[in-house]
Amino acid sequence: MHSHPQPSSFMLNRIIYILSEHPTVVGFRWSHAQSWGATWVFLFSFISLYFAVSITLHVILLLFRQRSRPVPLGLVPAVHSLVMAVISAVILAGTLASAIAEIRDTRWFWGRTKTPLQWLLCFPLGTRPSGRVFFWSYVFYLSRYLHVIRTFFTILRRRKLSLFKLLTNSIPMVMSFLWLEFSQSFQVLEIVFTTFTYSVVYGYRFWMELGLPTVSFPLVANIQMILLGLNLVCHCGVLFLQIRGDGCNGIGAWAINSILNGAFLFMFLNSFVKMRRLHRKAIGSTTTNGKSE
């Protein structure tokens, strides 16, 4: 008698097949002619448009709407957060499944010269932007265009628009483009770290949009700090392998990526320190008022 696979096992195998073995995933190739958004002109045109629309919308609201009257958005921000959380979780699962499949299929080629961790940090020289992990890198790149929609929610709700907000949304677009354009090393781990973070952050924002109880500490900022710390450690690992090994693919793009990450880190830490300062002042003010009553 033939044993039939359990429904749960069949479902899991089916999901793994879709994430890492489907012909669309395995046969992916980054192409300026065939991949949407795959040119420098498109990238910088979109970023310029993003800046122009954000600033224009901000100015229009300053001129024609009272500061105390936010534009009602209903459930739109909640839906956006839910969609981004789901997309991030799918990219995370797809990247992990594809990385495992790539290690399984190509490890014989490395011999004893490279471990899976070294491959995750440092692609061999000559790596081309095609196949499983680059498919999910491309999906991650496309998701950055959906991510910037949140800026417009911030503006419409009458919060102050800052250059920091525009830059921190634009930098990941440039970095994820570089990953694909130059088959940059380290991108697999960075996608895993980032999509895990976004899954939690957007899930939490969806929770908040529904008006459910929130935590008392700055969850989003703390998770982003952990992400930046992991990125810093991995960047050091890439540099070590570049110097001590045979070289890493896309090291020039990695250097630009590191500079952009450094700029992002500086802006984020500056914002984080200001936020913590305001939080302490608010606590101090509450304590003082409580004692005086």
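**View 1. Helix 6 packs against helix 8.** Helix 6 (residues 132-147) and helix 8 (residues 163-181) pack at an angle of about 160 degrees, and their axes lie 9 Å apart. Helices here are DSSP runs (H or I, at least four residues), numbered from the N terminus. This is a predicted model, where local features need pLDDT of at least 70 and side-chain atom pairs count only at pLDDT 80 or more, while totals for chains, interfaces and linings use all residues. Residues are numbered from 1 along each chain as its sequence is written, and side-chain values use heavy atoms, leaving out hydrogens and water. That angle makes helix 6 and helix 8 roughly antiparallel (angles over 145 degrees count as such).

**View 2. Who touches whom between helix 6 and helix 8.** On the helix 6 side, the residues in contact include Phe134, Tyr138 and Tyr141; helix 8 brings, among others, Pro172, Met173 and Trp179. Contact just means heavy atoms within 4.5 Å.

**View 3. Cysteine 122 bonds with cysteine 248.** Their sulfur atoms sit 2.1 Å apart, forming a disulfide (a pair of cysteine sulfur atoms within 2.5 Å). The torsion about this S-S bond is about -110 degrees, so the disulfide is left-handed. Cysteine 122 is in the loop between helix 5 (116-121) and helix 6, and cysteine 248 in the loop between helix 10 (219-244) and helix 11 (251-292), so the pair ties together parts 126 residues apart in sequence.

View 4. Cysteine 234 counts as buried at 11% relative accessibility, whereas cysteine 236 is partly exposed at 47% (buried means under 20% relative accessible area, exposed over 50%, partly exposed in between, with a 1.4 Å probe and protein chains only).

Terms used:
Axes fitted to C-alpha atoms, helices over the stretch in contact; angles between N-to-C directions. Helix = DSSP H or I, 4+ residues; strand = E, 2+ residues; numbered from the N terminus. Parallel < 35°, antiparallel > 145°, perpendicular 65-115°, else oblique.
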